[in-house]
Amino acid sequence: MSSIESLNYREIFQNANDAMIVHDGVTGAILETNEAACRLFGHSAKDMCATSIGALSVGDPEIREEIALRYIRQAVEAGGLFNFEWIIRHSSGTPIAIEGNLKRMRGHTRPLVLAISRDISERKLAELRLRERGRYFEELLRNSSDGVALIAADGCVKYMGESLAGIAGFPSRAILGRNVFTLLHPADVPRLFSLLAKARRKMVNSGTVSYRVLHRDGSWRSHEAVFKNLLDDPAFSAVLVNYRDVTERLRHEEQLRERERQLNHYARLSIAGEAAAALAHELNQPLFAAVNFFAGCRRRLEAGAKDSTEIEMALTLAQAELERAGRVIQSVRNFTANHPASRNRHSVSAILNGILSFLRIRAEQDSVTITTHITKDAFVECDEVLIQQVISNLVVNAIEAMTDLPVDARAVSISVEIESGYVRIIVKDSGCGFSSESLEAAGRAFFTTKENGVGLGLSLCRTIVGSHGGKMACEQGESTGGKVSFTLPITL
């Protein structure tokens, strides 16, 4: 006898890993079950054979029995495998999802059908979680303020997230298949067309880009996007774009810049007005000297002087005095002119020297001595005029804080120090300093210690310094007086 003939097929049937049930092909009755089927249903073989498949299933027993019998008869008629999914009820009452197949057993006078089943509850649960997670991310994308798109190599939109409806007013289905360049502002098309061409040639892998896109309401909206070149990835074959509408942010930033420009202009005009008296005094001396030199020349000419040496010397001196007066006027004009903001690399000493002559004019009005001390120079990226305005505002505040002091006690020092990547500019006076209440309030907007002040100057200074990446601080001096300082990041 061969080894095959010696096999005990009943033992194989009973010990198979999959649940096996033999059904009557006509009535659908359970004729025999293996141990795996008993474990799957939680019943003994005897109980299962005495129970209908409908009663062992979730749902109405009669309806489930009818459906099961139809499946069994289809398997009998087809002869081949009939696959199905079903939900059974364990003896504990727990529903279990199963997957199985039915096949007619050959060699029997009465049709018999073998049902082989396996528990797929874990797989079904995983599929459910995957679907729920898919719906979760789909909802996130639909309600996100950011958009996701896939752009093919030819510029056609392969995928557009549902959030497009909230961003651009169009449903995503209206954009699919369209060429993305038809949606962009004509002025931005050449630049982005060139960028896509570089992506095709593998010259660029990722980056950021800004552009204007047509909104459904007919307006042009500003977008910022981060892109990644996935044209060579078979799963995408496109450029992945994450974009967002920044129109309102840009508009708000422009409003802040305009407000800063206006405040800058008003503050400088205010300071120039305060210095008007001192400026008149400063101009009086060179103009009076020039008039005297001219008068002397005229007298010599009327007296018939033959030697022109003295006349030439007097004219040269008069010219020098007038040029000095012109420099004074120009320094004030440069400071009060409403120039557009422009950030460049400047040395701190150059910034300070550019405003120092103007500050000394203002200081002379109140008989204040100004001294400077620079421990080490540094370069900063800034708008020179705005930073000069901050220094000027702090110095003028320091000058006004000493009006009650004796003339010989009025002094302002401007010092520059370097500390861990920042340059600190310190303005210190010899006045009465800050009270504890003033120091506590100094961080708030529109802080002032002047009787008639509105605090606009210090608030403006704080705004300017903050826009340059620095911070402002007010503190009591080491002995007497007040100390106000601000930092700026050093640029290499």
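Modeller: This is a predicted model. The secondary structure of the protein comes to 14 helices and 17 strands. Of its 492 residues, 40% are buried. The accessible surface is about 27900 Å², and carbon and sulfur atoms account for 55% of that.

Biologist: Where does aspartate 366 lie?

Modeller: Aspartate 366 sits in the loop between helix H11 (348-365) and strand E12 (369-374).

Biologist: What makes aspartate 366 count as buried?

Modeller: Its relative accessibility is 16%. Buried means under 20%. Aspartate 366 therefore counts as buried.

Biologist: Which residues is aspartate 366 in contact with, leaving aside neighbours within four places in sequence?

Modeller: Ile399, Thr403 and Arg410. Contact means heavy atoms within 4.5 Å.

Biologist: How do H11 and helix H12 (residues 384-400) pack, and at what angle?

Modeller: The angle is about 35°, and the axes are 10 Å apart. The crossing of H11 past H12 is right-handed. On the H11 side, the contact includes Ile351, Ile355, Phe358 and Arg362. On the H12 side, Ile387, Ile391, Val395 and Ile399 are among the residues.

Biologist: Which classes of residue make up the contact of H11 with H12?

Modeller: There are twelve nonpolar, three polar and three charged residues.

Biologist: What is the order of the five strands in the open sheet?

Modeller: E12-E14-E15-E17-E16, with mixed pairing. On average, neighbouring strands are turned by 20° against each other, direction ignored.

Biologist: Why are E12 and strand E16 (472-476) called edge strands?

Modeller: Each pairs on one side only.

Biologist: How do you know that E12 and strand E14 (residues 411-419) pair?

Modeller: Two strands pair if there are at least two bridges between them. Six bridges join E12 to E14. So the two strands count as paired, and they run parallel. Within this pair, threonine 371 stands opposite serine 413 in E14.

Biologist: Which strands do the two helices touch where they pack on the sheet?

Modeller: H11 touches E12, E14 and strand E15 (422-429), and its direction makes about 170° with that of E12. H12 touches E12, E14, E15, E16 and strand E17 (482-489). The direction of H12 makes about 175° with that of E17.

Biologist: What share of contacts between residues at least 6 apart in sequence join residues at least 24 apart?

Modeller: That share is 56%.

Note on methods: Residues numbered from 1 in each chain as written. Predicted model: local features only at pLDDT ≥ 70, side-chain atom pairs only at ≥ 80, totals over all residues. Heavy atoms only, no water. Helix = DSSP H or I, 4+ residues; strand = E, 2+ residues; numbered from the N terminus. Buried < 20%, exposed > 50% of the residue type's maximum accessible area, 1.4 Å probe, protein only. Axes fitted to C-alpha atoms, helices over the stretch in contact; angles between N-to-C directions. Left-handed = near helix turned anticlockwise from the far one by under 90°. Nonpolar A, V, L, I, M, F, W, Y, C, P; charged D, E, K, R; others polar. Areas by Shrake-Rupley, 256 points an atom, 1.4 Å probe, with all protein chains shown as cover.
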